Amino acid sequence: MDNVSIVRIFILTGLNETNNYRVVLFPLTLLYYCMILFFNMTIIMVIILDKNLHEPMYILLCSFCINGLYGTAGFYPKFIFDLLSSSHEISYEACLLQAFVMYSSICNDLSILAVMAYDRYLAICRPLHYHSFMTKRRVCQMVCFSWITPLCIFSNNIVLTSRLRLCSTNMKKIVCLNWIIVKLACPDANTIPNNITAYFTIFLYVSHGFFVIWTYMHLIKTSVRSKDDRVKFMQTCVPHLASLTTFVVIIVFDFMSKRFGSTDLPQSLQNFISIEFLLIPPVLNPLIYGFKLTKIRHRILGFVYVQRK
């Protein structure tokens, strides 16, 4: 039993800071989660119901919004429940599941952004080969790859973490994250496999980032040569670039806070840093694409106009 955790309950001590503000936080959090559901579901349903939007770019966008719902579903329902509860506990199994959802959602975001960048690269830099390569079957394969890869990687991570013997139940956060659970391991626990897997995952998804940079170097280089390409770039690539920039800034900020420590920061600020990727992108992404992509904006405005009549 040396490698099996005897901890069955974690205490999320980061939630202690919310006790004095739960009356305000509960309705605001509930409203914000409803906004996330509404914005993302609107984009998803518009794309699904309109056959004219069954194109690679919009299929990838639909997957992007579904992932936003997937990631936030791992946090908001539990957090809203905790705001109503006097005890801020989470079972060992639920904590592992939440950590799995959080990390797989983040990496799925980056995978989809990489595929979307490649789609725009083909559309602008290789327009003659675009339709022959970006077939529905190929798009489905790419979407499956962007989902299955992080799910498999973090399934392995969670299995490795579940084998650790833990010596503490206090988690100074409001959400379960895999690296926090590993830090609770006893001094004699073997965390080398966890570290190896973590470094492999970082390498894999940093390479995704370099791939996106490579595609945008070619996109910008091609776009400056032609007015039509510049227009296409502004219409379809700017929303993607805005989402990518938001994602990168949040992840870098989160990484820096973990790397250099944030124990001197107020607990409320630490809480914000730990969940910022669940606060900003899930609302910002559907708004950016909904307003900027002409076809989606026209479909939404057309639906609103019909309802008013």
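C140 counts as partly exposed, at 46% relative accessibility; here buried means under 20% relative accessible area, exposed over 50%, and partly exposed in between (1.4 Å probe, protein chains only). Before going further, please note that this is a predicted model, in which local features need pLDDT of at least 70, side-chain atom pairs count only at pLDDT 80 or more, and totals for chains, interfaces and linings use all residues. Residues are numbered from 1 along each chain as its sequence is written, and side-chain values use heavy atoms, with hydrogens and water left out.

C140 takes part in no disulfide, a disulfide being a pair of cysteine sulfur atoms within 2.5 Å. The nearest cysteine sulfur to C140 belongs to C144 and is 6.5 Å away. C152 has its closest cysteine sulfur in C144 as well, at 11 Å, which is too far for a bond. With a relative accessible area of 48%, C152 is partly exposed.

**The two disulfides**

A disulfide is a covalent bond between the sulfur atoms of two cysteines. The structure holds 2 disulfides, and with bonded cysteines counted along the chain they follow the pattern 1-3, 2-4.

Let us take C95 and C176 to begin with. Their sulfur atoms are 2.0 Å apart. The torsion about this S-S bond is about -115 degrees, so the disulfide of C95 and C176 is left-handed. C95 sits in helix α4 (residues 92-125) and C176 in the loop between β3 (170-171) and α7 (178-183), so the bond ties together parts 81 residues apart in sequence. Helices (H or I, at least four residues) and strands (E, at least two) are DSSP runs, numbered from the N terminus. Both C95 and C176 are buried.

C167 and C186 make up the other pair, with sulfur atoms 1.6 Å apart. Their link is right-handed, with 100 degrees about the S-S bond. C167 lies in the loop between α6 (136-162) and β3, while C186 lies in the loop between α7 and α8 (192-223), so this pair joins parts that are 19 residues apart in sequence. C167 is exposed, with a relative accessible area of 52%, whereas C186 is buried at 4%.

**Salt bridges**

Side chains of opposite charge can pair when their charged atoms come close. There are 6 salt bridges in the structure, each being a side-chain nitrogen of Lys or Arg within 4 Å of a carboxyl oxygen of Asp or Glu.

| E55 | K295 | 3.0 Å |

E55 is partly exposed, with a relative accessible area of 30%, and K295 is partly exposed at 33%.

D82 and K78 both belong to helix α3 (residues 76-84), where they are 4 residues apart, about one turn of the helix. D82 is buried at 2% relative accessibility, but K78 is partly exposed at 21%.

What about D119 and R120, buried or exposed? D119 is buried, with a relative accessible area of 1%, and R120 is buried too, at 7%.
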